[in-house]
Amino acid sequence: MCGIAGRWNFESGRPVPAEQVRRMCDAIAHRGPDDSGVWCEGAIGLGHRRLSIVDLSAAGHQPMSSPSGGCWIVFNGEIYNFLELRAELERDGVTFRSRTDTEVILALYERHGIACLEKLRGMFAFALYDVNEHKLFLVRDRVGVKPLCYATNRDGIAFASEVKALLQDPAIGREADPVAIHHYLTYQAVPAPMSAFRGVRKLPPGHYLEVRAGRVELHRYWKLSYADPFPVRSASDERALEAELLERLEQCVKLRMISDVPLGAFLSGGVDSSAVVALMARHSHGPVRTFSIGFDDDSYDELAFARQVASRFGAKHIEFTVKPSALEILPQLVRQYDEPFADASAIPTWYVSQLAREHVTVALNGDGGDESFAGYDRYVANAYAQRLSFLAPVLGSGAVRGLLDALPHGATSASMRWRLKRFVAQLSRSPEARNAAWLAQFDPEAKAMLYRSAFRAQTGLRDAEQLLYDKFAASDAPDFLSKVLDADVQTYLSDTLCTKVDIATMTHALEARSPFLDHTLMEFAARIPMRLKLRGGQTKRILKRALRGVVPDAVLDRRKMGFNAPVDRWLKGELREMANDLLRSDRARSRGWFEPEFMARMLDEHDRGTRNWHVQIWNLMMLESWQREFVDAPTPASVLVP
């Protein structure tokens, strides 16, 4: 796991200074504290920061060239089937100088060209320069576990693992992109290929850029297909699928335990992370090291379940409770995420990463299980809404709304009143619009009250929800709920969840590995009929059945809590002053983007408990903090280096 950066000047007579590439790499030194390297040859420059995981020797140094010198690569990630691929290449007469997966990629490219991507099983982002063909390839893995951003102009292309590295290039500005911010306010993260900065783009998952003779072409090489569901005609067919699912998941876990450094696992106490720990225990030579984060709020704390799982499998368990004073890390979060990022679960993810890094260098996690096996409450709500949509006129009546208003308010977004009102409000809309509304942080109605006319004009009046509608329209899934999963894999999973984990872990030089994000497992899961994933109110049905007897029943049968932070309560207490200082400030008003009266209303109503605005307030806090850290910053971007 590493950080990469580089630049290619299209004018062959204009060399790339090694010092410029070195500055880019220094800005992301946290991603690779073990080694660094720069290779510049005329108009091309590649840089690398290394976190040593496999083959800790100097033979793994990057940038790395092929034996002939015909190709150079800087690579971030892990190829989990590299030993298998290496054996195939050795049978064909290839000799290797190291035990790294990086060298395997070079050898594959020299034989198959860019089609070698089809053979790679893992998480990766890399830049490969073909000296003979004068081509540069920028590649991102199928699901988007590893990040890669870039900026192009008529003079050339610069790229890096993180935007803060690109900002070392004086040609790249800091101006915010209003269209990207418009989408951020909906999705809590800026969706690829956009970035929060004008002129900076993010390479979408499953894509590569081919750069040649000043031309930059984007190609897609993978997309998940739901088109050919398994025929399940009997209980025995279902049991066979369950057995194969467990076998495939165990293989994915086992592959991710290959390491020359200590490894462990994040353990939330939920189904997915518990499954990973259970299967790790089968293949570990000693106790699995597990790490958990909790809160002093029972609505968000899962430590009791994590302890139960750790005890069941004899894990060496370590946990940490996030106290309100821990919110001092918020400036670090803003600085490290480069873009405004409003998923509050970044806080516990940050802390569990910091905790784990004190003991291990690699940590497995359960990310991706929800998107493949329909694990979110939103999927249940979509299913019920399809059945109850005919009742929309009755449920939307004044009498029913009055009854909902009479329910106890509840302190959090998990309260019954909040959930019912949100469900009923969307019942009369189309399935696509309902799902988009339940996913959105600021819906179109809230944006209409928030936006000032000047900002609205800069967004081009684009409908942020259309991004999701386009995914639905392009999906080959046979039913609407499968289309929702398909869209989530392409948006929420990569833009929010993968970004959250990559930045939080790599800030602490920790490698995160996600067995559920193995593309072969995801392809298998996509063919499982939806009725086996979601039935009634039971989520992840087939996964839970496959894990029965492997994971404790108490974990499989409990209600999903979700990995989050009690921001709604913090905004009435420890975060109250910070929220007001940020959003009521003259500095925020002077931007001319948002209506000050509406922001003040949100703060007041949340503080009084008359309406829960915590999601929207946190979103705006992260946006304003980002603008102060990056857009307003009067000093060079190098000050952002931690």
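**Aromatic rings, strands and loops**

Author: In this predicted model, W8, F10, W39, W72 and Y129 form one aromatic cluster.

Reader: How many aromatic pairs does a search of the whole structure find?

Author: Rings count as a pair if their centres lie within 6.5 Å. On that basis, the search of the whole structure gives a total of 25.

Reader: Are the rings of F373 and F516 stacked or edge-to-face?

Author: A pair of aromatic rings is described by the distance of the centres and the angle of the planes. For F373 and F516 the centres are 6.4 Å apart and the planes stand at 80 degrees. Planes over 60 degrees apart count as edge-to-face. The pair is therefore edge-to-face.

Reader: How many residues apart are F373 and F516 in the chain?

Author: F373 belongs to helix α11 (residues 369-373), whereas F516 lies in the loop between β17 (511-513) and α21 (519-526). The pair thus links distant parts of the chain, and the separation is 143 residues.

Reader: Is F516 buried or exposed?

Author: A residue under 20% relative accessible area counts as buried. The relative accessible area of F516 is 1%, so F516 is buried.

Reader: Over which ring does the charged end of R558 sit?

Author: The charged end of R558 is 4.0 Å from the centre of the ring concerned. That ring belongs to F305.

Reader: Why is strand β6 described as largely enclosed by the rest of the structure?

Author: Strand β6 covers residues 122-130.

Reader: Which residue in β7 is the bridge partner of L128?

Author: Strand β6 is joined to strand β7 (residues 135-140) by 6 bridges, and the two run antiparallel. They form a hairpin with 4 residues between them. Within β7, the bridge partner of L128 is F137.

Reader: Which residue does a cis peptide bond join to Q62?

Author: Omega of this bond is about 0 degrees.

Reader: Is A374 buried or exposed?

Author: A374 lies in the loop between α11 and α12 (377-388). Its phi is near 60 degrees, a positive value in a residue other than glycine. Since the relative accessibility of A374 is 0%, A374 counts as buried.

Methods: Residues are numbered from 1 along each chain as its sequence is written. This is a predicted model: local features need pLDDT of at least 70, side-chain atom pairs count only at pLDDT 80 or more; totals for chains, interfaces and linings use all residues. Side-chain values use heavy atoms; hydrogens and water are left out. Rings of Phe, Tyr and Trp (its six-membered ring) pair if their centres lie within 6.5 Å; planes under 30 degrees apart count as stacked, over 60 as edge-to-face and the rest as tilted. Buried means under 20% relative accessible area, exposed over 50%, partly exposed in between (1.4 Å probe, protein chains only). A charge sits over a ring if NZ of Lys or CZ of Arg is within 6 Å of the ring centre and within 35 degrees of the ring normal. Two strands pair if DSSP finds at least two bridges between them.
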